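Here is a short briefing to read alongside the structure. Have the model open as you go through the points.

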Amino acid sequence: KDIFVNVNSQAFQELLEEGISEYLVYFFSDRNNSPYTGNVYDYIQVSPIPLPEHDAIFTENGVVFMYSQGEISANYLGRIPVIISYDKIKPFLVIPE
């Protein structure tokens, strides 16, 4: 059973975009590459952004979606972690009764 709902909604997509953007800022600041443009879709090859092939990881800080190298972007960007805090992702979680 799916544990996330409305993953194609604008609100959920914005959470993924925010997490990917945070990674890209880190990625480009850690290297002498051209600077991050600020537009996720300059680097991401799919829209809407799907959930990763691997299961989400639940940590004390939030939910981590780990995209494999090349899954949603060019291989040179490596594995892309997206961390979403529980307060932001709660509306999209299916809580078992």
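The notes below cover the sheet, a helix residue, a salt bridge and the nonpolar core.

This is a predicted model, so local features need pLDDT of at least 70 and side-chain atom pairs count only at pLDDT 80 or more, while totals for chains, interfaces and linings use all residues. Residues are numbered from 1 along each chain as its sequence is written, and side-chain values use heavy atoms, with hydrogens and water left out.

**Sheet and helix packing**
- Three strands make an open antiparallel sheet, ordered β1-β2-β3; strands are DSSP runs of E with at least two residues, helices are runs of H or I with at least four, and both are numbered from the N terminus.
- Two strands count as paired if DSSP finds at least two bridges between them.
- β1 (57-58) and β3 (80-84) are the edge strands, each with a single partner, so one side of each has no neighbour in the sheet.
- Five antiparallel bridges join β2 (residues 63-67) to β3, and Met66 has Pro81 in β3 as its bridge partner.
- Helix α1 (residues 10-29) packs on the sheet, where it touches β2 and β3, and its direction makes about 125° with that of β3 (axes are lines fitted to C-alpha atoms, for helices over the stretch in contact, with angles from 0 to 180 degrees between N-to-C directions).

**Gln13**
- Gln13 belongs to helix α1 and is buried at 6% relative accessibility (buried is under 20% relative accessible area, exposed over 50%, partly exposed in between, with a 1.4 Å probe and protein chains only).
- A polar atom of the Gln13 side chain lies 2.6 Å from the backbone nitrogen of Ile49.
- Beyond its neighbours within four places in sequence, Gln13 is in contact (heavy atoms within 4.5 Å) with Val7, Asn8, Tyr41, Pro48 and Ile49.

**Salt bridge**
- The count is one salt bridge, defined as a side-chain nitrogen of Lys or Arg within 4 Å of a carboxyl oxygen of Asp or Glu.
- Lys88 and Glu18 form a salt bridge, with their closest N and O atoms 2.8 Å apart.
- This pair links distant parts of the chain, 70 residues apart: Lys88 is in helix α2 (residues 86-89) and Glu18 in helix α1.
- Lys88 is partly exposed at 38% relative accessibility, and Glu18 is partly exposed at 35%.

**Nonpolar core**
- The largest nonpolar core has 26 residues, of which Ile20, Phe65 and Ile89 touch the most other members; such a core is a set of buried Ala, Val, Leu, Ile, Met, Phe, Trp, Tyr and Cys residues joined through side-chain atoms within 4.5 Å.
- α1, β2 and β3 are the elements giving two or more residues to this core, and α1 gives the most, with eight.
- Leaving aside neighbours within four places in sequence, Ile20 contacts Val40, Ile44, Ile49, Ile72, Ile80 and Val82.

Conventions
A polar contact is a pair of N or O atoms within 3.5 Å; within protein, one must be able to donate a hydrogen and the other to accept it, and residues adjacent in sequence count only if both atoms are side-chain atoms.
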